[in-house]
Amino acid sequence: MNPSPSQSGGHFSVADIGAVDLWKNYTAKIKALPGVDVPGKLFLNSILGLNGMEVSVNCLRAGCAMPFYHKHHRHEELYLFLRGRGQFQVDGIVIEIQEGTALRVSPEG
């Protein structure tokens, strides 16, 4: 079950999405991929009422990969890696990532 805003005001909204270790329990549905559920993913847009950015949290098990390549038409994406190590591919370039890596991808990426 997705969390709900726990507090909001005229210029803010707050949601408790739980500890990082619990993020693996979320499952997201992707509109562009009917019937595909993505484990360990939670979109925050509707929960927080976002309208100028897209934000999600993701938890991938060791050795797993995101099951699809994609790009956005309007928004940049910012990835903040909190734990682990791995690889991220943009424009055919493989980038080594680790705990503490911050990665921005433009809409064209």
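Visitor: How many salt bridges does a search of the whole structure find?

Guide: A salt bridge here is a side-chain nitrogen of Lys or Arg within 4 Å of a carboxyl oxygen of Asp or Glu. Side chains of opposite charge can pair when their charged atoms come close. By that criterion, the search of the whole structure gives a count of 2.

Visitor: What kind of model is this, and what pLDDT do side-chain atom pairs need?

Guide: Residues are numbered from 1 along each chain as its sequence is written, and side-chain values use heavy atoms, with hydrogens and water left out. This is a predicted model in which totals for chains, interfaces and linings use all residues, local features need pLDDT of at least 70, and side-chain atom pairs count only at pLDDT 80 or more.

Visitor: Which side chain meets Arg83 in a salt bridge?

Guide: The N to O distance in this salt bridge is 2.4 Å, and the partner of Arg83 is Asp21. The pair links distant parts of the chain, 62 residues apart: Arg83 is in the loop between β7 and β8, and its partner in the loop between β2 (12-15) and β3 (27-29) is Asp21.

Visitor: Is Arg83 buried or exposed?

Guide: Buried means under 20% relative accessible area, exposed over 50%, and partly exposed in between (1.4 Å probe, protein chains only). Asp21, at 45%, counts as partly exposed. Arg83 has a relative accessible area of 53%, so Arg83 is exposed.

Visitor: Which side chain meets Asp37 in a salt bridge?

Guide: Asp37 is partly exposed at 41% relative accessibility. The N to O distance is 2.9 Å, between Asp37 and Lys29.

Visitor: Why does the pair of Tyr79 and Phe88 count as edge-to-face?

Guide: Rings of Phe, Tyr and Trp (its six-membered ring) pair if their centres lie within 6.5 Å; planes under 30 degrees apart count as stacked, over 60 as edge-to-face and the rest as tilted. The structure holds 3 aromatic pairs. In one of them, the rings of Tyr79 and Phe88 have centres 4.6 Å apart, and their planes are at 65°, so the pair is edge-to-face.

Visitor: Which residues do ring pairs link into a cluster?

Guide: The rings of Tyr79 and Phe81 are stacked, because their planes are at 15° and their centres 6.3 Å apart. Phe81 is buried at 19% relative accessibility, and Phe88 is buried at 16%. The cluster consists of Tyr79, Phe81 and Phe88.

Visitor: In β10, which residue is the bridge partner of Leu78?

Guide: Two strands pair if DSSP finds at least two bridges between them. Strand β7 (residues 77-80) and β10 are antiparallel, over 4 bridges. The partner of Leu78 in β10 is Arg104.

Visitor: Which residues form the covered face of strand β10?

Guide: In a regular strand the side chains alternate between the two faces of the sheet. In β10 (residues 102-105), Ala102 and Arg104 make the uncovered face, and the covered face has Leu103 and Val105.

Visitor: What is the area of the nonpolar surface patch made by Leu78, Leu80 and Leu82?

Guide: Patches are made of residues with over 30% relative accessible area and no salt bridge, where like charges are joined within 9 Å and nonpolar side chains (Val, Leu, Ile, Met, Phe, Trp, Tyr) within 5 Å. Leu82 is in the loop between β7 and β8 (85-90), and is partly exposed at 46%. The area of the patch made by Leu78, Leu80 and Leu82 is about 320 Å².

Visitor: What is the phi of Asp91?

Guide: Most residues other than glycine have a negative phi. Asp91 is in the loop between β8 and β9 and is exposed, at 63%. Its phi is positive, near 55°.

Note on methods. Helices (H or I, at least four residues) and strands (E, at least two) are DSSP runs, numbered from the N terminus. Accessible areas come from the Shrake-Rupley method with a 1.4 Å probe; for residues, only the protein chains shown count as cover.
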